[in-house]
Amino acid sequence: MSFPPAVTEEQFEALDDDALRPGVEALLGHLGVSGHVERFADGSLPVYAVGDRHVVKLFPAVHLDEVATERDVLEAVQGRLPVPTPELHAAGEFGGWGYVLMERLRGASLKDVWPGLDAASRREVSRQVGEALAALHEVTPPPLGPDDWAEFVRTQRKGCVERQRGRELAPRWLEQISDFLDSVDLGRPELVLAHTEVMSAHLLVEDGRLTGLFDFEPAMRAAREYEFVATGVFLTRGERQANRALHDGYGRAVDPRKVLAYTLLHVFSNLAWYLREVPTRATTLDELADHWFGA
């Protein structure tokens with residue numbers, strides 16, 4: 001039995017678990033994998049735990065090109081990081097959808113654990129994240145986009161203000177964007193293998209140690225600072241000591257103004273949402289850069 005069609009975002013978003021479950025069961029039978037099947041609640045793509053040992057991630061036709069990214073990056077980073085990453089078992093297409101079958105890692109989601117950690121524990125976990133990013137950025141990237149980083153930056157810069165306006169960013173921030181971006185020299189950076197969404201929801205932890213980093217389908221060849229957009233907004237969340245520990249673990253200085261520039265230029269940038277996630281007393285983009293990304 002094949003999966004239901006999902007060649008557009010609208011078709012994909014209309015599907016619920018009941019619509020996908022027959023295709024999931026058929027795929028698992030095809031792969032010879034058995035066990036209790038349970039869908040994870042979070043994630044932009046459907047992901048299912050299969051028993052204690054496997055995870056299968058599904059890619060509708062509209063996201064089929066992301067299968068190769070997840071597959072190739074999982075292969076590239078296997079055994080290369082100080083934090084476990086899922087071992088790749090299989091990847092391909094079935095019933096009109098793509099899939100990646102991988103190892104299920106142990107541990108609790110850092111998103112759930114973080115609020116209960118004391119300051120010292122948050123610093124320690126953040127330091128480990130920094131060490132993981134340092135190792136990740138030393139891995140030779142598989143073939144990934146964008147093909148021309150400078151053109152990517154120019155394109156993102158050109159439509160930046162209107163994109164943020166469309167996401168209902170307040171005028172007092174909109175009017176600062178052009179001058180701020182003009183003031184930040186992004187230069188010709190070394191491009192590294194960047195996960196691009198290293199946040200608490202994509203990390204596992206157990207007894208104070210990171211036990212998993214996953215969800216590599218948005219990976220890119222990118223400037224180093226591009227990586228720290230997600231860590232600042234969705235991990236350390238303006239906690240200066242935690243961010244300092246993350247940078248210490250990384251072992252390199254990270255310019256907060258460049259990170260904020262890439263926050264505005266990020267493919268998923270939504271500054272209005274980020275400001276709701278991490279409220280601030282800042283009134284200028286320079287102050288915001290320091291609050292979110294300063295160490």
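**Figure 1. Glu168 in the loop between helix 7 and helix 8.** In this predicted model, Glu168 sits in the loop that runs between helix 7 (160-166) and helix 8 (171-183). The phi angle of Glu168 is near 65 degrees, which is a positive value in a residue other than glycine. Most residues other than glycine have a negative phi. Glu168 has a relative accessible area of 70% and is therefore classed as exposed, the cut-off for that class being over 50%.

**Figure 2. Asp215 in the loop between strand 9 and strand 10.** The loop between strand 9 and strand 10 (220-223) holds Asp215, whose phi is near 70 degrees, again a positive value in a residue other than glycine. The relative accessibility of Asp215 is 13%, so this residue counts as buried, a class that takes in values under 20%.

**Figure 3. The cis peptide bond between Gly145 and Pro146.** Gly145 and Pro146 are joined by a cis peptide bond, for which omega is about -5 degrees. Most peptide bonds are trans. Pro146 belongs to the loop between helix 5 and helix 6.

Figure 4. Strand 1 and strand 2 (residues 47-50) run antiparallel and are joined by three bridges; Val37, for its part, has Val50 in strand 2 as its bridge partner.

Figure 5. Phe59 lies in strand 3 and has a relative accessible area of 0%, so it is classed as buried. Leaving out residues up to four places away in sequence, Phe59 touches Leu45, Leu64, Glu66, Val67, Glu70, Trp97, Gly98, Tyr99, Val100 and Glu217. Val47 is twelve residues from Phe59 along the chain, and the C-alpha atoms of the two are separated by 9.3 Å.

**Figure 6. Ser34 in the loop between helix 2 and strand 1.** Ser34 is found in the loop that lies between helix 2 (17-31) and strand 1 (37-39). With a relative accessibility of 65%, Ser34 counts as exposed. Between Ser34 and Asp255 there are 48 Å in space, C-alpha to C-alpha, and the two residues are 221 residues apart in sequence.

**Figure 7. Ser200 in the loop between strand 7 and strand 8.** Ser200 has its place in the loop between strand 7 (191-194) and strand 8 (203-206), and its relative accessible area of 11% makes it a buried residue. Apart from neighbours within four places in sequence, the residues in contact with Ser200 are Ser109, Leu110, Lys111, Phe234 and Leu235.

**Figure 8. The second largest pocket and its lining.** The second largest pocket contains about 200 Å³ of space. Its lining is made up of Trp149, Ala150, Val153, Arg154, Leu186, Gly187, Arg188, Pro189, Leu191 and Tyr262. Helix 6 (residues 149-158) gives the largest share of this lining, with four residues. By class, the lining of the second largest pocket has seven nonpolar residues, one polar and two charged.

**Figure 9. The largest cavity and its lining.** The structure holds one cavity of 30 Å³ or more, and about 50 Å³ of space lies in the largest cavity. The residues that line the largest cavity are Pro82, Val83, Gln128, Glu131, Ala132, Arg209 and Leu210. Helix 5 (119-136) and strand 9 (209-213) each supply at least two residues of this lining, and the largest share, three residues, comes from helix 5. The lining of the largest cavity divides into four nonpolar, one polar and two charged residues.

Terms used:
Residues are numbered from 1 along each chain as its sequence is written. This is a predicted model: local features need pLDDT of at least 70, side-chain atom pairs count only at pLDDT 80 or more; totals for chains, interfaces and linings use all residues. Side-chain values use heavy atoms; hydrogens and water are left out. Buried means under 20% relative accessible area, exposed over 50%, partly exposed in between (1.4 Å probe, protein chains only). Contact means heavy atoms within 4.5 Å. On a 1 Å grid over the protein atoms alone, a cavity is a set of points where a 1.4 Å probe fits but cannot get out, and a pocket is an open set with protein on both sides within 12 Å along at least five of seven lines; lining residues have an atom within 4 Å of a point. Grid points are joined across faces, edges and corners, and a volume is the space filled by probe spheres set on the points. Ala, Val, Leu, Ile, Met, Phe, Trp, Tyr, Cys and Pro count as nonpolar, Asp, Glu, Lys and Arg as charged, and the others, Gly among them, as polar. Two strands pair if DSSP finds at least two bridges between them.
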